[in-house]
Amino acid sequence: MVLGDFNLMKIDILTLFPDMFSGPFAESIVKKAQDKNLLKINIHNLRNWTKDKHKTVDDRPYGGGKGMVLMIEPVFLALQKLSSRKIYPQLKPSKTEQIILLTPQGEVFGQNKAKSLSKFKHLIFICGHYEGFDERIKNFVDQTLSIGNYILTGGELASMVVVDSIARLIPGVLEEEAIKKESFREIKLNDKKVKILDYPQYTRPEKFKDLKVPQILLSGNHKKINEWRYQKALENTKKRRPDLLEN
Ligand code: ADE
């Protein structure tokens, strides 16, 4: 496949803190994906979709209580502009576009989700507010995602994590071989599909103080090396993540 055959993935991120994104998306693989024109990331300040002179994006919760709640209107106006779909009264399912709200109440993100999202052409992320968002925003999204059972100050870091893991899976960004043999790849074990961790890797020097590279890796016998790596990957998984094999 030549480079021109790859499709561009577009990612729009709606946030109250656009400056948070400048570092992570300007380095490493995510930068490479953008430089190769395989990925286009646009960061949007939700305040640009407010109508009052103070650019208000949050307000006090109905029913009382502490904190401020992200308002529905700026999110709706932004989505209406950015999405190729009609947002209201009903968001129709799409095979090419996903609107995703980041919240600790969402489905817990994992490698399978990263893989499935990497197949879409357009992703729109809404970074939830640290003190909550108007629940009606959920009517405008295809899915809600959490990056783990802990509370961040907002969805910004979570969206960066999700985008990072998706970017490296976009066809053409990394060599396919690198993706096939990494942690959380699926193998068949006793006729069941399970995920395993990566095998241990070493590089020069062959000996550092008393620490040596396993002899087999210096042997040049690729069949034996592959068997060793498979065994080590399984051992690693049994020791560190037995839950992956319990399936
Ligand atoms: N916002 C706050 N905490 C979060 C989490 N764990 N995942 C996604 N979004 C969040």
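Author: Happy to! Let us begin with the lining of the largest pocket, which by class has 11 nonpolar, 5 polar and 9 charged residues. In this count Ala, Val, Leu, Ile, Met, Phe, Trp, Tyr, Cys and Pro are nonpolar, Asp, Glu, Lys and Arg are charged, and the others, Gly among them, are polar.

A word on the source: this is a predicted model, where local features need pLDDT of at least 70 and side-chain atom pairs count only at pLDDT 80 or more, while totals for chains, interfaces and linings use all residues. Residues are numbered from 1 along each chain as its sequence is written, and side-chain values use heavy atoms, with hydrogens and water left out.

Back to the largest pocket. Its volume is about 590 Å³, and 25 residues line it, with S118, K119, L169, I170 and P171 nearest its centre. A pocket here is an open set of points on a 1 Å grid over the protein atoms alone, where a 1.4 Å probe fits and protein lies on both sides within 12 Å along at least five of seven lines; lining residues have an atom within 4 Å of a point. Points are joined across faces, edges and corners, and the volume is the space filled by probe spheres set on them.

Which elements contribute to this lining? Helix 3 (111-117) and helix 5 (176-180) are the ones that give two or more residues, and helix 5 provides the largest share, 3 residues. Helices (H or I, at least four residues) and strands (E, at least two) are DSSP runs, numbered from the N terminus.

The chain is divided into domain 1 (5-167) and domain 2 (181-245), with bounds from an automatic or database domain assignment. The centres of these domains, taken over C-alpha atoms, are 36 Å apart. The lining of the largest pocket draws at least three residues from each of the two domains.

Now turn to the second largest pocket, with about 260 Å³ of space. It is lined by 20 residues, and L102, T103, P104, Q105 and H129 lie nearest its centre. Strand 5 (97-108), strand 7 (143-146) and helix 4 (155-167) each give two or more residues to this lining, and strand 5 gives the most, with 4 residues. By class, this second lining has 10 nonpolar, 9 polar and 1 charged residues.

Next comes the ligand. There are 13 residues around the ligand, of which T103, I147, G148, Y150 and L152 come nearest; a residue counts as near if one of its heavy atoms lies within 4 Å. T103 is also one of the residues nearest the centre of the second largest pocket.

Some of these residues make polar contacts, meaning pairs of N or O atoms within 3.5 Å; within protein, one must be able to donate a hydrogen and the other to accept it, and residues adjacent in sequence count only if both atoms are side-chain atoms. A backbone N or O atom of Y150 is 2.8 Å from a ligand nitrogen atom. For L152, a polar backbone atom lies 2.9 Å from a nitrogen atom of the ligand, and for T103 a backbone N or O atom is 3.3 Å from a ligand nitrogen. Taken alone, the ligand exposes 260 Å², and the protein buries 97% of that; these accessible areas come from the Shrake-Rupley method with a 1.4 Å probe, and for residues only the protein chains shown count as cover.
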